[in-house]
Amino acid sequence: MKEKKIITTVQVFESIDELPKDAQALMMEAQKIRGKAYAPYSNFLVGAALRLDDNTIVTGSNQENAAYPSGLCAERTAIYYAGSQYPDKKINSMAICVKSPQKVITQPTPPCGSCRQAIAEYEVNQQQPIEIYFMGEKGNVIKAKALLDLLPLAFDASFL
Ligand code: THU
């Protein structure tokens, strides 16, 4: 038996103000669309914004359903829209933010496992990393230089 260590690196920014201008603008788009979340069951509001390689911005918010598992996260709402509307464009970056009526969330809130898997599909296909920025309502912002940095040992089509 051999042990294999998997190390990942992320960057931590003090706040949205410290981000590069284009990432800051993208996060502001995520904050804007977060206000349109349909989350009457969890009251947990999530916004996601993608920047495509021609600078088109695609956004999405979480969409819940009375049959709970039928709902969809903000990240997948946005990336599936991009994939369906702009199949030939590459995705450069994604910004994600959350908000709760119960408390001010200052912890950067990462995309869930299902969303990481969904984003990985596009990153692997386009052979170019997708930068992922995520934050709570305020406070630190975490940046991963690629989705695969957040999903080591990812499953993809090469295993099929
Ligand atoms: N949610 C997202 O939109 N993105 C995530 O990555 C995690 C969770 C949504 C799903 C549900 O509407 C609410 O947040 C609570 O889980």
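Where does the ligand sit?

1. The ligand sits in the largest pocket. A pocket is an open set of points on a 1 Å grid over the protein atoms alone, with protein on both sides within 12 Å along at least five of seven lines; a molecule sits in it if more than half of its atoms lie within 2 Å of its grid points.

2. This is a predicted model, in which local features need pLDDT of at least 70 and side-chain atom pairs count only at pLDDT 80 or more, while totals for chains, interfaces and linings use all residues. Residues are numbered from 1 along each chain as its sequence is written, and side-chain values use heavy atoms, with hydrogens and water left out.

3. Ser-42, Phe-44, Val-46, Asn-62, Glu-64, Cys-73, Ala-74, Glu-75, Pro-111 and Cys-112 surround the ligand, each with a heavy atom within 4 Å of it. Glu-64 belongs to the loop between β3 (57-61) and α2 (74-85), where helices (H or I, at least four residues) and strands (E, at least two) are DSSP runs, numbered from the N terminus.

4. Oxygen atoms of the ligand lie 2.9 Å from a backbone N or O atom of Ala-74 and 2.9 Å from a polar backbone atom of Cys-112. A polar side-chain atom of Glu-75 is 2.8 Å from a ligand nitrogen atom. The protein buries 74% of the 370 Å² that the ligand exposes when taken alone (Shrake-Rupley method, 1.4 Å probe).

5. For "binding site", an unreviewed UniProt entry lists Asn-62, Gln-63, Glu-64, Asn-65, Ala-66, Ala-67 and Tyr-68. From this set, Asn-62, Gln-63, Glu-64, Asn-65 and Tyr-68 belong to the lining of the largest pocket, lining residues having an atom within 4 Å of a point.

How values were computed: A polar contact is a pair of N or O atoms within 3.5 Å; within protein, one must be able to donate a hydrogen and the other to accept it, and residues adjacent in sequence count only if both atoms are side-chain atoms. On a 1 Å grid over the protein atoms alone, a cavity is a set of points where a 1.4 Å probe fits but cannot get out, and a pocket is an open set with protein on both sides within 12 Å along at least five of seven lines; lining residues have an atom within 4 Å of a point. UniProt positions are given in the numbering used here, feature names are shortened, and annotations may be inferred rather than shown by experiment.
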